[in-house]
Amino acid sequence: MTARLIIQLAALLGALGVGIGAFGAHGLRPMLEASGRFDTFETAVRYQFYHTLALLAIGILLQVRPELRMLGTTAWLWLGGVIIFSGSLYTLCFTGITKMGAVAPVGGLLLIAGWISLLLAARQV
């Protein structure tokens, strides 16, 4: 994955995070609170933003240090983790399909693997 693509993905995830977060906090808050899912929704948005900022940082780092190709692996892992972790929680919140809660740990494992990938990439710095 190129530095440019990572930065573009971070921008997209950031924009989506703001939009989804605002929509949930303002437009859907009563529904989320009634279903007891507001905290779940906030967790999904929070983790999306943590990893959006982390993606942005590694995109910038990869621009400066293109030889750190393992950062591309980190980016893929985080992207997959956000899509699966936050996506499954969003789906749970908006549809009530409780089985989606069982999918979230897979995304969490991808997020953890991304951090381990970053640790391994840092050995080259």
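1. Starting on the outside: leucine 53 counts as exposed because its relative accessibility is 57% (exposed is over 50%, buried under 20%, partly exposed in between, with a 1.4 Å probe and protein chains only). Leucine 53 sits in helix α3; helices here are DSSP runs of H or I with at least four residues, numbered from the N terminus.

2. A word on the basis: this is a predicted model, with local features needing pLDDT of at least 70 and side-chain atom pairs pLDDT 80 or more, while totals for chains, interfaces and linings use all residues. Residues are numbered from 1 along each chain as its sequence is written, and side-chain values use heavy atoms, leaving out hydrogens and water.

3. Have a look at isoleucine 58. Leaving aside residues up to four places away in sequence, its contacts are Ile6, Leu71, Thr74, Ala75, Trp78 and Leu118 (contact means heavy atoms within 4.5 Å).

4. Helix α1 covers residues 3-27 and spans 35 Å from first to last C-alpha, close to the expected 36 Å (1.5 Å times one less than its number of residues). Its buried residues include Ile6, Leu9, Leu13, Gly17 and Gly21; among the elements covering the buried residues of α1 are α2 (29-34), α3 (38-64) and α4 (70-95).

Definitions and conventions
Helix = DSSP H or I, 4+ residues; strand = E, 2+ residues; numbered from the N terminus.
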